[in-house]
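This report walks through one protein model, from its helix packing to its sheets and loops. Keep the structure open while reading.

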Amino acid sequence: MNTIVRKFPGLLLWLCLIAAYAFTGAEKAQASWEADWKKTVEAAKKEGQVTIYTSSRQNNLLLESGAFQKKFPEIKLLVALGNPLHRILTERRVHKYLADVAFTGPSSIWRLHQAKVLDPISDTFILPEVTDKSKWLQGKHYYVDKEQKYIFAAVGNVDLGAFFYNTKQINPKDFKSFWDFLRPEWKGKMSARDVRTPGPGSVTMRMFNAIPELGPKFIRRLFGEMDITLFRNQRQGIDWLATGKYPICIFCNHTRIQTGKTQGLPVEGFGLMKEGAGLIVSGGAISIVNRPRHPNAAKVFINWFLSREGQIALQSVGGGSTNSRRIDIPKDKIMPSRLPQKGVRYINTENWQRISMRPALKAFIAGVRDAEKRKKK
């Protein structure tokens, strides 16, 4: 280095100027976001409240945990439980603008986006730890909407396919592919939740439809050829599985399975199949509603929720079943089955391309009708 400087005496001065410029630029950037954040927080305190609409039990647990209030005691959390979609659209019809934040499953918020009720949530990001995409899974922010700015997905839970088995009757090593469930020996030995009503399995169906090796053909054959008994009462599905009446349950409630395991029931989920798995958002989608009554408080809540502190709090109320897409926070308490693994293909099943249940449901209904016709013969 000294030799180079002696040969080019102006080089050292040039390097010093570059370093000084870069340092000054970094200082200005830091001062800029800090000033913006301070101004926003002070304005939020004057507003005194943020109104959040959610239908997610887990999100409500987070809101009731007091984690946000501890950080910002001057900003009151007003939580409206129930389907944000129906509530907000009903209010808009009578020109009421009460909601600030929609915080629930992506399907409901997607329909709010279609109704042009949302503002870009990306415009609310202030904290560097939120804007820094390297802190998030795959080095990017994940949005549900095509425009990539309205519906932020904070959660990325692995969906292995929602197939469960009775540990006394089934050897999981016999299943390496989803197509293995169509082998003749399993005919009449499976039950499944009827996905014609919303609930567990809906997202998995979209995953099946999206995976090229499966698609509508797999869905139709599974429900058309395997004499599957459908149920709508979720407790019924668990009971049949635990007693061995139907040793394989498709779309049983994951939380109920985990509860059953802790109670000693012989129930377990199948592992990863060779076709891959899905990444689901569950209730972890968040957006800012346009014309918010408390715009600054909404910004403060969104930035807090997407910060390390907020995402750690979200994972803590999830009981090990909620995996934040933030990768710079502890994951030791998350169930391994919920965590993405290197080298595995994951299908994002809840985005604008796959949010509709119609294609998968069409194949499901066709399969059910095929099964009904076969029984009549």
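## Terms and basis

Axes are lines fitted to C-alpha atoms, for helices over the stretch in contact, and angles run from 0 to 180 degrees between N-to-C directions. Helices (H or I, at least four residues) and strands (E, at least two) are DSSP runs, numbered from the N terminus.

This is a predicted model, in which local features need pLDDT of at least 70 and side-chain atom pairs count only at pLDDT 80 or more, while totals for chains, interfaces and linings use all residues. Residues are numbered from 1 along each chain as its sequence is written, and side-chain values use heavy atoms, with hydrogens and water left out.

## Overall picture

The protein has 14 helices and 14 strands. Its C-alpha atoms fill a box of roughly 90 × 65 × 40 Å, taken along the principal axes.

Of the 377 residues, 49% count as buried. Buried means under 20% relative accessible area; exposed means over 50%, and partly exposed lies in between (1.4 Å probe, protein chains only). Contact means heavy atoms within 4.5 Å. Take the contacts between residues at least 6 apart in sequence: 77% of them join residues at least 24 apart.

## Helix α13 and its two partners

Two packed helices are described by the angle between their axes and the distance between the axes. Start with helix α12 (residues 295–306) and α13. Their axes come within 4 Å and cross at roughly 70 degrees. That makes α12 roughly perpendicular to α13. Angles of 65 to 115 degrees count as roughly perpendicular, under 35 as roughly parallel, over 145 as roughly antiparallel, and the rest as oblique. From α12, the contact uses Trp304, Phe305 and Leu306; from α13, it uses Arg308, Glu309, Gly310, Gln311, Ala313 and Leu314. The residues of this α12 contact with α13 divide into 5 nonpolar, 2 polar and 2 charged. Here Ala, Val, Leu, Ile, Met, Phe, Trp, Tyr, Cys and Pro count as nonpolar, Asp, Glu, Lys and Arg as charged, and the others, Gly among them, as polar.

Now turn to helix α3 (residues 57–64) and helix α13 (residues 308–317). These axes come within 9 Å and cross at roughly 120 degrees. That makes α3 oblique to α13. The crossing of α3 past α13 is right-handed. A crossing is right-handed if the near helix is turned clockwise from the far one by less than a right angle, and left-handed if anticlockwise. In α3, Gln58, Asn59, Leu61 and Leu62 meet Ala313, Leu314 and Val317 of α13. The residues of the α3 contact with α13 divide into 5 nonpolar, 2 polar and no charged.

## Two open sheets

Strands of a sheet pair through backbone hydrogen bonds, either parallel or antiparallel. Two strands pair if DSSP finds at least two bridges between them. Tyr165 has Ile248 of β10 as its bridge partner.

Another open sheet has 3 strands in the order β6-β12-β14, and its pairing is also mixed. Its edge strands are β6 and β14 (346–348), each pairing on one side only. Here the twist averages 35 degrees from one strand to the next. Strand β12 (residues 277–280) pairs with β14 in the parallel sense over 3 bridges. Ala277 has Tyr346 of β14 as its bridge partner.

## Loop residues to check

Which phi values are positive in a residue other than glycine? For His95, phi is near 60 degrees. This residue lies in the loop between α5 (84–93) and β3 (101–104). His95 counts as exposed, at 62% relative accessibility. For Ala162, phi is near 55 degrees. Ala162 sits in the loop between β6 (157–159) and β7 (163–166). At 16% relative accessibility, Ala162 counts as buried.

Asn351 is in the loop between β14 and α14 (358–376). Is Asn351 buried or exposed? At 8% relative accessibility, Asn351 counts as buried. Leaving aside neighbours within four places in sequence, Asn351 is in contact with Tyr142, Tyr143 and Val144.
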